[in-house]
Amino acid sequence: IPGHYFQENERLGALNLIKRIWHVAYLKCKGLNRTPRFDSLPAVAAAPFDLRVLEKAQQNPKTWELFLDFQRAATEASEAFGAAVSRSKEESEWLRDTDASVFHPVEWAHRIRKTSSDSDKQKLKAASAALARLLGKDGLNEQPNRYVAVLAMDGDSMGKWVSGENAPPWREQLAEETLDYFERHEKLKALLEMSRHVSPSYHAQLSEALANFALYLAGPIVEYFDGQLIYAGGDDVLAILPAENALTCAQALRMAFRGDPQLHTVFPGALPARAQQWGFVALNAEADIFKPIQRFVPRGYPLIVPGKRADISAGIAIGHTHAPLQNLVEAARQAEKRAKDTNKGHGKSAFAISLFKRSGEIIHWGAKWDSHAIELAQAFAEKSGPDQPLSGRFPYALARLLRAYDAPTVSNGKVEPFTITAMKDFDPFLVFPAEFRYVTKQQSNEKLWAAAEREQFCALADAYLHDCGGRPLNDFLGPFLTMTFIARGGGE
């Protein structure tokens, strides 16, 4: 067993030991070449950064030298580091085969504290110093993100699909030519509005649709967004992702589950489809994401998936790389339940996010898939940060202003928490847009942002505000606060 699977003085129970080495001790002996690889949480968090390193380092000779210095120092300290560090001298191969956790300064500091060997300590310190220079102002001038996301997804009302209560009418199951024939005959026309009969063939097709999603789509989509698939079975998905990719990955998985014809625009592993072709996904077997498993990828026909009438909800828990993984998994499951809750949640066809800052602050928010939440979050991410028109302080200024209105009210002797609802003496749908425009103008660099473009952004926020009607204020603030926190790598 290679030494990097264990750290010095590490104590493992039987189950942890099996999980650590089962692919080497069992699968490799069985001749299975595609060994599963589960990266550490720090490695998953740093994955997008890892993919940018080579291109960014090659843009500046000084940065390139600093990268080569770190590569040499990290390779020399590989055994002491205790995670997979390639010994390849070719830079792209070294990056590909090296655990991305090597780019976290805290991981080197942790190893330095733990090692008892003076020789190993010197190697670790040398690598740590080389990394500090690489990440500094004279190098990449960037730090890897310290936060990861656990994504839990579950199909909505699957019991009703199995029982046949949600079975689609025959009208939606027939080809155009057959539909025309039924329309021309009055006695047959009535059948078009009847639900499809629950029969062995119905259950076989439903089972096939769920299996196609789990076997051929969930894993490649998670990998495309730099994540690690933990489990995919039917309509259930559990995955670990870099924090910045979690929401877009969840959106892509939902599109795949329903066979959205626009899936190819967010996931190149799917082929373009006609606008009316919901419920099927044709795989692009030549896409890079499928190269390791090309011989297993179905080609030449569209895969059936649950379809447009079906839906799936998601829970996302975002936490620090050193947070207990089981806590994040449980938080993601709880967020998923919150998305489905018809009383205090969003009533299915939704996602919910829980952001756990290391400072102790927790932000819960969520939205319907078909709201403007994701579109607004993406627009804000594009327009905020360095060299962008909107200041990174915008969400905090907005939250400070709007939370002045976030006070409970007393109605019929009961204390009611604040929700975005028009009341007799206060209408947030009139007040909040004005406050939003004020903060946007105050936090904008007008030289980088035309007034018309800024108003377009504000109009999108107005649309999402109406989506949040009857909801807590955090549902409106959530996209801004979350995207800013993630963009800063988990720093305030």
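Here is a short tour of a predicted model, from the whole chain down to single residues.

**Stop 1: the whole chain.** Start zoomed out, with the cartoon on. You have 18 helices and ten strands to look at. The radius of gyration is 26 Å, close to the 23 Å that the globule rule gives for 492 residues, so the chain is as compact as a globular protein of that length.

Stop 2: Buried residues, meanwhile, make up 47% of the 492.

**Stop 3: a nonpolar patch.** Select Leu15, Ile18, Trp22 and Tyr26. Together they form a nonpolar surface patch with about 450 Å² of accessible area. Now click on Leu15, which sits in helix 1 (residues 14-27). Is Leu15 buried or exposed? It's exposed, because its relative accessible area is 66%, and the cut-off for that word is over 50%.

Stop 4: Most residues other than glycine have a negative phi. Go to Ser157, though, and you'll find a positive phi of about 55 degrees. Ser157 is in the loop between strand 1 (147-155) and helix 8 (158-163), and is partly exposed at 21% relative accessible area.

Last, jump to Asp387 in the loop between helix 14 (373-383) and helix 15 (394-402). Its phi is positive too, near 60 degrees. Asp387 is exposed, with a relative accessible area of 72%.

Definitions and conventions:
Residues numbered from 1 in each chain as written. Predicted model: local features only at pLDDT ≥ 70, side-chain atom pairs only at ≥ 80, totals over all residues. Heavy atoms only, no water. Patch = residues over 30% accessible without salt bridge, like charges linked within 9 Å, V, L, I, M, F, W, Y side chains within 5 Å. Areas by Shrake-Rupley, 256 points an atom, 1.4 Å probe, with all protein chains shown as cover. Salt bridge = Lys/Arg side-chain N within 4 Å of Asp/Glu carboxyl O. Helix = DSSP H or I, 4+ residues; strand = E, 2+ residues; numbered from the N terminus. Buried < 20%, exposed > 50% of the residue type's maximum accessible area, 1.4 Å probe, protein only. Rg over C-alpha atoms; globule rule 2.2 N^0.38 Å.
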